[in-house]
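Keep the structure open while reading.

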Amino acid sequence: MMYGHEKSDSSIVAMKSANKPVQAGAESMEPRGEAKGNTEWLRMRRTQCRESVSQRLDRVRQAAKHKKKERFTALLHHVDTALLLTSYLWLKRSAAAGVDGMTWADYEHDLEANLVDLHRRIHSNSYRAKPSRRQYIPKPDGRQRPLGIAALEDKIVQRALVEVLNAIYEQDFMGFSYGFRPKRGQHDALDALAVGITRTKVNWILDADISRFFDTVSHKWLIRFLEHRIGDPRVIRLINKWLKAGFMEDGVVTATEEGTPQGAVISPLLANIYLHYVFDLWADQWRKRHALGHMILIRYADDIVVGFDKAYDARRFQAALHKRMEQFSLSLHPEKTRLLEFGRFAAANRTQRGTSKPETFNFLGFTHICGQDRQGGFQLKRKSRRDRMRAKLGEIKIELRRRMHHSIPEQGKWLRQVVSGFFAYHAVPTNSKSLSAFRHHVVNLWRRMLRYRSQKDRTRWDRIARIADAWLPPPRILHPWPTVRFAAKYPRWEPGA
């Protein structure tokens, strides 16, 4: 399909920064100092409605929605200076610089000229992607995860292109895909899984883990998948530049022949596109054509959980999934991929057979358990993963030692932010004990740190308890029950989604 070409204005169109970002994961605005020379220019654009960016892509959304098999042959003109400005304002201001050493504040000094020049280079094919700066962050299991910190202009262009591509792919993605999508988050996936287990016929769970997914994505297959919908060679060329840009470590640039850089703005979308074709469409068809019983699907990025009514379906699907992944240069982790009996009747069935209680599985930071409510009926219980909580407490301990000689109000203010952040995600029903345990350990670390900083300090539990009550929030449930929230957000829920 030849998508209508609109006139592109090389001047900056007036825009306002995001108060409530449409794109999941985008950074909200926060107060900051004004930059000389751009004060009036930025203020003028922030007073106008940023909805115009979304409105200009409505034609793309409608075309993608009604013509599922058409290719978009003219897309890059949507990446104009207005969208580049909006993308720049979406970026995190305190993010680390890439190989170019350019920070958000540095780029702002001559922002209008910088964006006009960037726009010119994109559309004249003189824009060059820079290698990402390799950095490592510790994983909960003790290993290190490589991250790629992109150059600032690469982030701006990637963020702009993500907005354009989302207008197409949000019409294509399946309902059971939740990772890194607008207006969807981790708790939406957790709610969907909980509703599926408690309200449908689920007796078996396949907890699938793709081994080194972001490092093993095939560039060849990814481009082929993109070309199903994207017929604009300029867009494909841009994505290829980022895939092949490589990374710099210790001053040495290494080319990349496979994988998408973790940490890049566009990587989550590319991952969703890859798995949409490799897993989502295939799994939905398998459910319709081959499953003898009920089946639910939940995917958050590369974390996959599949529920089955019948063990026969579960074993066949697991074997087929292994073959499917191998066809597209992926593999399931042999130790982390498990098929386990789990659901409303798992405990009773295993008791009749004289076996142990049902196994547990982890998903998005929570351990899922077959439990009982007060009346003795089945209740899905979720508690914070021990290893993740232990790792978080270790980070708090290190930071507390660094803040050892700060005043108690300064320490209390920081700890309140940390504990409130932990509760904001983990305060789900049935997780009260983990919340109380986390707060208790934080208070104990605080008490020990106060005693270390002075040989004469004899901080007792009664004193630290009073200090903690003054600064730290109490452990309480903040999230509604999954069935309540899921029914409110998806009132016309599709059973398989």
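**Helix packing and cavities**

The axes of helix 10 (residues 219–226) and helix 12 (residues 267–289) cross at roughly 85 degrees and come within 10 Å. Because angles of 65 to 115 degrees count as roughly perpendicular, helix 10 is roughly perpendicular to helix 12. The model is predicted.

**Contact of helix 10 with helix 12**

- Helix 10 contributes W221, L222, F225 and L226.
- These residues meet L270, I273, Y274, Y277 and V278 in helix 12.
- The contact holds nine nonpolar residues, with no polar and no charged ones.

**Largest cavity**

- The structure has four cavities of 30 Å³ or more.
- The largest cavity holds about 80 Å³ of space.
- Its lining includes A129, K130, P131 and S132.
- A150, D154 and Q158 also line the largest cavity.
- By class, the lining of the largest cavity divides into seven nonpolar, three polar and two charged residues.

**Second largest cavity**

- The second largest cavity has a volume of about 60 Å³.
- It is lined by 13 residues.
- Of these, A95, A96, W104, L152 and K155 are the closest to the centre of the cavity.
- The lining of the second largest cavity has eight nonpolar, two polar and three charged residues.

Note on methods: Residues are numbered from 1 along each chain as its sequence is written. This is a predicted model: local features need pLDDT of at least 70, side-chain atom pairs count only at pLDDT 80 or more; totals for chains, interfaces and linings use all residues. Side-chain values use heavy atoms; hydrogens and water are left out. Axes are lines fitted to C-alpha atoms, for helices over the stretch in contact, and angles run from 0 to 180 degrees between N-to-C directions. Helices (H or I, at least four residues) and strands (E, at least two) are DSSP runs, numbered from the N terminus. Angles under 35 degrees count as roughly parallel, over 145 as roughly antiparallel, 65 to 115 as roughly perpendicular and the rest as oblique. Contact means heavy atoms within 4.5 Å. Ala, Val, Leu, Ile, Met, Phe, Trp, Tyr, Cys and Pro count as nonpolar, Asp, Glu, Lys and Arg as charged, and the others, Gly among them, as polar. On a 1 Å grid over the protein atoms alone, a cavity is a set of points where a 1.4 Å probe fits but cannot get out, and a pocket is an open set with protein on both sides within 12 Å along at least five of seven lines; lining residues have an atom within 4 Å of a point. Grid points are joined across faces, edges and corners, and a volume is the space filled by probe spheres set on the points.
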